[in-house]
Amino acid sequence: MNKGLKIFLITLLVILVIAIVVLTTLKLLHHNTQTENTSPYSQTAVNVMQELNLYDEINKRDYSKTVETLLETNELEKKYLDDYYQIDYANITNFGTVINELLNKNYTSEEINYITKNMASDINILLNMDYVNILAFKDITNFDINNLERYLTYQEENSEYDLATVVTYVNIGLDKEGYSEYSEYTEEEAQNDLTILVNKYHKLPDDYEPDDLVALSYSNGYTYYLRKEAAQAYEQLSSAALLDNVIVYPFSTYRSYDTQSKLYNRYVSRDGREAADTYSARPGFSEHQLGLAIDIRSNTLNDNLTDKDYEWMLDNSYKYGFIVRYPKGKQHITQFMEEPWHLRYLGIELATKVHDSGLTYDEYYDLYMK
Ligand SMILES: [Zn+2]
């Protein structure tokens, strides 16, 4: 071996050794600094993770604010560590406690993220209940968490309905006997809002009487009153109907609380309360007290509307601001037997929307008016 080659090899060896020494030192140094203070977690969190023997486990993963928060409040449960990494931190009271309780109830991280994002102020309702498949309600716009227990009970008893139907029906109140629980409008609300929903769950004040009742042009010795706007609309409706050879006569319009009371009591003594409740509203619960409802008949000999005239009303009355309020096949929703003859004034715009929706006003009101 010549001298030059020897020197070259020795030099190479020396460089190699130096390189190894430098690299090893750097690596050691690096490791030391990491265990000292490069953890992205707060000192409190670091202390707790060291107590739990989770320092390496946690620091080899990406930083998580959720994990940090649970460490800081000393609520981190080892068995949920993987879940915590899937849970987004949310700025809510008792975050750690809430997360752990939801995990205890078997909520998934996806569900928990949805809950903390969308139902933050109502989480207690969920914490007081067993696990609920909450994501099933995600796209139901009229979902009201305050009714959650009722939805679940009603769904169990009515498995033929889909969840959206369950929500609407419960919101209307159909899981409870009509009249058992109801809200009451103020006189101002009744007077100022032509669109209020009156049914077995929404009552008018006993004393309420509209202040703008006017007589219809039709009279048969008896004068028929409606609120001014509804009266004008009715004149247009009946004229338009006439052009299509649909001739109708009013037979009941505005009825005061007292009139309704006498009428209802007469039906009760004739047919019994249970039967009367299927076709006559109790006083305070009648649309007729609003002065916005009108019963029409096809001839003056009996209080009925022919199928032909009923069809015409279904197809056309909305153009004049009226809807058929108790259509056939909807009594499980309206809580009244079909009344083809009973029209309710809502104004053209709203009546058109209700007509186009194909819904009863009870449903429409819950879905779009609250
Ligand atoms: Zn009626």
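**Figure 1. Helix H13 and the glycine that follows it.** Just after H13, glycine 272 takes a positive phi of about 90°. This is a predicted model, so every close-up here shows a prediction. H13 itself covers residues 257-271.

**Figure 2. Helix H12 and its buried face.** H12 runs through residues 228-243. Its 16 residues should span 22 Å at 1.5 Å a residue, and its end C-alpha atoms are 23 Å apart, which agrees. Which residues of H12 are buried? They are Ala230, Ala231, Ala233, Tyr234, Leu237 and Ser238. Looking down the axis of H12, you will find these buried residues within an arc of 160°, so they line one face of the helix. Ser239 and Leu243 are exposed, on the face of H12 turned away from the buried side. The cover over the buried residues of H12 includes E3, E4, E6, E7 and strand E8 (339-345). After H12 comes asparagine 245, which has a positive phi near 65°.

Figure 3. Strand E3 (residues 213-219) and strand E4 (residues 223-227) run antiparallel and are joined by four bridges.

**Figure 4. An open sheet of four strands.** The strands follow the order E5-E6-E8-E7, with antiparallel pairing. Which strands lie at the edges? They are strand E5 (249-252) and strand E7 (322-326), each of which pairs on one side only. From one strand to the next, the twist averages 45°. E5 is joined to strand E6 (residues 293-297) by three bridges, and these two strands run antiparallel. Here tyrosine 249 has arginine 297 in E6 as its bridge partner. In a regular strand, side chains alternate between the two faces of the sheet.

**Figure 5. Stepping back to the whole chain.** The protein chain has 18 helices and eight strands. Its radius of gyration is 36 Å, well over the 21 Å that the globule rule gives for 370 residues, so the chain is more spread out than a compact globule. Along its principal axes, the C-alpha trace spans about 135 × 45 × 40 Å. Buried residues make up 30% of the 370 residues.

Technical notes: Residues numbered from 1 in each chain as written. Predicted model: local features only at pLDDT ≥ 70, side-chain atom pairs only at ≥ 80, totals over all residues. Pairing = 2+ DSSP bridges. Axes fitted to C-alpha atoms, helices over the stretch in contact; angles between N-to-C directions. Expected span 1.5 Å × (residues − 1). Rg over C-alpha atoms; globule rule 2.2 N^0.38 Å. Buried ≥ 20, exposed ≤ 12 C-beta atoms within 10 Å, placed from the backbone. Arc of directions from axis to C-beta. Contact = placed C-beta atoms within 7 Å.
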